[in-house]
Amino acid sequence: MSGQGVVPGPDGLLRCPWGLEAETMADYRVYHDTEWGRPVHGDDALYERICLEAFQSGLSWLTILRRREGFRAAFADFSIAKVAEFTEADEQRLIDDPGIIRNRAKIAATISNARAAAALAPGELDELIWSHAPAPDGRPVPRTAADVAAITPESTALSRDLKKRGFRFVGPTTAYALMQACGLVNDHLADCHSRDTV
């Protein structure tokens, strides 16, 4: 699939190949069409995306999408202020929660990242992340999935800046996935119907 271009869906619309998986993965199509690549702002909203991208590391994004409501319930709707106050008892509760990915290191990082975010001024996390958005006309438009990078200089710099502020599980690849998901870059393929709506 890596060299594949857009694929027509049952509705006739052309999509990025990952956005048109088997019907059993319709969640991907909805996410692709309505969310991925659209600008996300707000500290709590961006904190949620950082956490979900970290939990996705080593797993399928579909696994995360299907547990997203479970994550929201478990992590107080990703309220930075609330998660920053989580205790060891909360951490154990999360490890026992079947509605999320029960990875101790990722759970601990999510709580730690809330504390790192809480130490910033209101709006500072949003400003920090968006300061790494490249100029939209400075990048070639990807025509196939093979044209889409996994790491960029901007994602490496974002990763470094987040780590400097105490964030964990935010390597350059995870940082780039965050940039794609939150609209800092538009990696919908050239002929994808979603590219112009983003």
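Student: Which side chain forms a polar contact with tyrosine 176?
Tutor: The side chain of aspartate 187 does, at 2.6 Å. A polar contact is a pair of N or O atoms within 3.5 Å; within protein, one must be able to donate a hydrogen and the other to accept it, and residues adjacent in sequence count only if both atoms are side-chain atoms. This is a predicted model, where local features need pLDDT of at least 70 and side-chain atom pairs count only at pLDDT 80 or more, while totals for chains, interfaces and linings use all residues. Residues are numbered from 1 along each chain as its sequence is written, and side-chain values use heavy atoms, with hydrogens and water left out.

Student: Is tyrosine 176 buried or exposed?
Tutor: Tyrosine 176 has a relative accessible area of 1%, so it is buried (under 20% relative accessible area; exposed is over 50%, partly exposed in between, with a 1.4 Å probe and protein chains only).

Student: Where is tyrosine 176 found?
Tutor: Tyrosine 176 belongs to helix 10, residues 172-181 (helices are DSSP runs of H or I, at least four residues, numbered from the N terminus).

Student: What is tyrosine 176 in contact with, leaving aside neighbours within four places in sequence?
Tutor: Its partners include Arg139, Ile151, Ser155 and Val185 (contact means heavy atoms within 4.5 Å).

Student: Changing topic, which element gives the largest share of the lining of the largest pocket?
Tutor: Helix 10 does, with 5 residues.

Note on methods
Helices (H or I, at least four residues) and strands (E, at least two) are DSSP runs, numbered from the N terminus.
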